[in-house]
Amino acid sequence: MGKGNKEGTSKQFRWTKPMEHLFLEILAEEAQKGNKPSNSFKAVSINRVAKAISERFQVHCDAKHVENHLRTVKNQWQIICTIRGESGFGWDDNLKMITCDRATYDATVMAHKKYEPFLNKSIDHYDEMALVVGKDMATGSFARTFADIDLDDDNQDSVPIDCENEEVEEVRTKVSSSGTSKRKRKNTQESAVNEQIKFMGEQLGKIANALEQFTVDKTPQLYEELMSMEEEGFDDDFLCSVFDYLVSHESEAKAFLVKSKKHRKIWLQKFSQG
């Protein structure tokens, strides 16, 4: 993290992993509460993140810093969408990981260096990213809520988020003063909403099944693996609190289980400080 006056400018503000975790956690919650109409976040949501970052990490974080980082996360999401849309790549939904063989990996990294952080590695906070910068879709363990479907043009004090690489594209038309144009627009919106509701219903069933399977199959393993970290010097009460946290954060629990013991220790140390 920058020091002195550097923290006061958008260019010099540096985001740490714990900051980004809090950033995504709050905005995912805001999206679920309906504060992301028409794929934009309201100013109150942006300000909430800035205040939380400033207070928890004792830095100066303002709305501009949050908006800039939102663009960074949007760009990361676009890269993920692009890779997943290309041939030669697979997707492991349990690990939230784009998969490919060695030859494909080497050729891709040589052509697109910026793809490397997203290949054959679990993508941190994938589900939260999908909710924060994803568009018109239910992804992973989260589904887009009814409140996210905006039928009004009253969208002031919002930060727009574009995601050109996703298949579903929001169509904005200029509404003329004639009643015919308004009726056409209303019919188009109603049709889009009906399709979205149908899609969400299907996805919610899949999500419920996935969560149930994780609870049945992975929870005992997660507990055993956490308790085994006592030999690394971690307190039993602390590990129990970590267990409670991971059970309610599925993607992080899965990521924890695939880490080596060395990296689990590093993660636990960071968790205890954050």
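This is a predicted model: local features need pLDDT of at least 70, side-chain atom pairs count only at pLDDT 80 or more; totals for chains, interfaces and linings use all residues.
Me: OK, and where does proline 18 lie?

Reply: Proline 18 belongs to helix H1, the helix that covers residues 17-32.

Me: Switching to H8 and H9, at what angle do their axes cross?

Reply: The axes of helix H8, which is residues 250-258, and helix H9, which is residues 261-273, cross at roughly 140° and come within 8 Å of each other. That angle makes H8 oblique to H9, because only angles over 145 degrees count as roughly antiparallel.

Me: Which residues meet there?

Reply: On the H8 side Glu252, Phe256 and Leu257 take part, and they meet Arg264, Trp267 and Leu268 of H9.

Me: Staying in H8, is glutamate 250 buried or exposed?

Reply: Glutamate 250, which has its place in helix H8, counts as buried because its relative accessibility is 10%, and the cut-off for buried is under 20%.

Me: And what does the side chain of glutamate 250 make a polar contact with?

Reply: The partner is the side chain of lysine 254, and the polar contact between the two side chains has a distance of 2.6 Å.

Me: What about lysine 262, buried or exposed?

Reply: Lysine 262, which is placed in helix H9, is exposed, since its relative accessible area is 61% and the cut-off for exposed is over 50%.

Me: How far apart are lysine 262 and glutamate 232?

Reply: Their C-alpha atoms are 9.7 Å apart in space, while in sequence lysine 262 and glutamate 232 are 30 residues apart.

Me: New topic: how many disulfides does the structure hold?

Reply: The number of disulfides in the structure is zero.

Me: Then cysteine 81 and cysteine 100, buried or exposed?

Reply: Cysteine 81 counts as buried because its relative accessibility is 18%, and cysteine 100 is likewise buried, with a relative accessible area of 15%.

Conventions: Residues are numbered from 1 along each chain as its sequence is written. Side-chain values use heavy atoms; hydrogens and water are left out. Axes are lines fitted to C-alpha atoms, for helices over the stretch in contact, and angles run from 0 to 180 degrees between N-to-C directions. Helices (H or I, at least four residues) and strands (E, at least two) are DSSP runs, numbered from the N terminus. Angles under 35 degrees count as roughly parallel, over 145 as roughly antiparallel, 65 to 115 as roughly perpendicular and the rest as oblique. Contact means heavy atoms within 4.5 Å. Buried means under 20% relative accessible area, exposed over 50%, partly exposed in between (1.4 Å probe, protein chains only). A polar contact is a pair of N or O atoms within 3.5 Å; within protein, one must be able to donate a hydrogen and the other to accept it, and residues adjacent in sequence count only if both atoms are side-chain atoms. A disulfide is a pair of cysteine sulfur atoms within 2.5 Å.
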